[in-house]
Structure formats: C-alpha cells, structure tokens
Amino acid sequence: MNMKRILIVDDDSSVGTMLKFVIAREQLGEVVATVTDEEQAVDEILFYQPDIVLIDLLFPHTDGIRIMKRAMSRGAVGHFIMISQAHDKNMEEMAYKEGIDFFVHKPINVLEIRKVLQNVIQIMEMERMLSAVRQAVTPAAAGPAADDSEQRLREIFADIGILGMTGSREIAAAARYLRSRRRHTRQEYQLSDVYQHIGYELYGSECDAARQKGIEQKIRRAIQKAQSHLAARGSEDFYDEIFTEYASRLFDFGQVQQEMRMLQGKGSQSGKINTKKFFEGILLKLED
C-alpha cells in the first residue's frame, strides 16, 4: 500500500507539529506540508493535491468548510478531515453535508487520529479496488451480460447535472443498495435504513446519527440541484430531450413546473422533491 500524502491546515503551528509527529510515528502517511496561513490554504491544497487534508474548523477570518469548498470547486479531490475544538452536532451535520469525511477533536488524541486516518485510508483503498474492478470488467471482456450500471449511473448524473457533485457518491451507493435489495424483496423500505446502509458502506463503523443526517442532507441537496438543472433546461426548451426524459421520471412534474416558474421570476418558491420517487426513477432508468 502506497503511503498517503497528507496536508495539515491549522493556524496553530503546535497542532501541526503534533499531528506531523503522530503521523510519522504511527506510519500513517507522509505529511507533504503544514499550512498556518488561511489565505494560502486553498493554493497549497491545489499545489500539493494531497490524498488527505487535515483542516481546522475555525480561522480568524474564515472557516475550514469554506476553504474546503473553494479547494474542491477548483479541482481538489482529496478526503477532508475536520479538526474541531467544539462538539456541536448541528455543526458536524453541516460539515458532513458539505463533504467532510470525518471529525477529530481537540485536544489532539493519538488514538483518535490513528483510528480516523486508518478509516479514511481503508475507504481510499476500497475506492481504488472498486475502480480497478470496474475498469477490468468492460463489456468487451465480460460479454453482453456485464453489469454496466456504474457507467449508466454516471451518464444519468451527467444528464441531470450532478456528476461529481457532493451527494452523487451517496446517491450511487443508495442505487447499489436498492438494486441489490430488489433481487430479494419488493417490500416497502424506510429511507432511514437506506441512509444507514450508505453510511456503513462509505464510512464503516464511524457512521453515527450525525453522519446519517449529513448523508440525508447531501442527497436531498443533490436531488434539488438535479431538479433545478432540469427546470432550467425545460425553461429554455420545453421539448428538450433530457428534460422530457427525466422531469416526470425522477420528480413530480408539477413541482418541476413550480421550479421553472421560480427560475423565470414568476414564483417565489422552489419545487419540492421526493427522495423515494427520485430513487425509484433512477432504478427504473437503470433497468431500461
């Protein structure tokens, strides 16, 4: 296993020094840089493109969530771990929704740092192996019966404007779980069970109630963005092929029209979404 490249962002240099020492002693990765200047943080993340970023929550003029979002919007692809002094469930839910993978708390605890980094590294290795398997199992190699659902999911996400966006990974995990479940039962399911399964698939034993709530919020936010994307296409061309394909399949068409009216300045409220209808529509599209 290759050593993971880690970048530390904290305006308290003593925290960076301690983390660097622990990571080296426990052989958890290679610290490529420690950054104390919040104004340089985004540029340093983009320059080093680390596998993992350990970032403080609070800075004098900004916060770690804003830094992460700016870095991700400009092409950062690493996993982010938030360092926080406070234990605030609402704040943690918001951070998970925005894309934070894990939290560690101050004062720094060696056992917690080791456990969290090991969990992130395990997730990265699983992602790497899944990617290798997907690349190896191509239609040419596996024949016409090969399951191309992952590629089809990417195509769907591209069509509805959420490919690579926060929440798309969780929606893909939900689709995998629900497709597998359908092979055994057609009984009604609870969304809470879906979120719990997604959490365990993506985050293992670290999936607590706050993380599950964050998963739900990420998914709902991505679905809302998909509806807005389709509404914008429909506003421009009501007979747009992608609009007509997905608007009523994934959403209540009346709610899409309400979203269109808002985008056109004729209404003040966004269209509502139905997560189950969205999931069911994705599954039906995969079965086409």
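## Basis of the description

Helices (H or I, at least four residues) and strands (E, at least two) are taken here as DSSP runs, numbered from the N terminus. The structure is a predicted model, in which local features need pLDDT of at least 70 and side-chain atom pairs count only at pLDDT 80 or more, while totals for chains, interfaces and linings use all residues. Residues are numbered from 1 along each chain as its sequence is written, and side-chain values use heavy atoms, with hydrogens and water left out.

## Overall fold and surface

The protein contains 13 helices and 5 strands. Its radius of gyration, taken over C-alpha atoms, is 21 Å, close to the 19 Å that the globule rule (2.2 Å times the number of residues to the power 0.38) gives for 288 residues, so the protein is as compact as a globular protein of that length. The C-alpha trace spans about 60 × 50 × 35 Å along its principal axes.

With buried meaning under 20% relative accessible area (1.4 Å probe, protein chains only), 45% of the 288 residues fall in that class. Where contact means heavy atoms within 4.5 Å, residues 24 or more positions apart account for 69% of the contacts with a separation of 6 or more. The accessible surface, from the Shrake-Rupley method with a 1.4 Å probe, comes to about 15000 Å², and 49% of this belongs to carbon and sulfur atoms.

## Charged side chains

Counting Lys and Arg as positive and Asp and Glu as negative, with His and the chain ends not counted, the protein has 38 positive and 43 negative side chains. If each charge is placed at NZ of Lys, CZ of Arg, CG of Asp or CD of Glu, the centres of the two sets lie 4 Å apart.

Leaving aside neighbours within four places in sequence, K285 is in contact with R152, I156, E245, Y246 and R249.

## Helix α4 and G99

In helix α4 (residues 89-98), the buried residues are M91, E92, E93, A95, Y96 and E98, and these pack against α3 (64-73), β4 (79-84), β5 (102-105) and α10. Just after α4, G99 adopts a positive phi of about 125°.

Methods:
Buried < 20%, exposed > 50% of the residue type's maximum accessible area, 1.4 Å probe, protein only.
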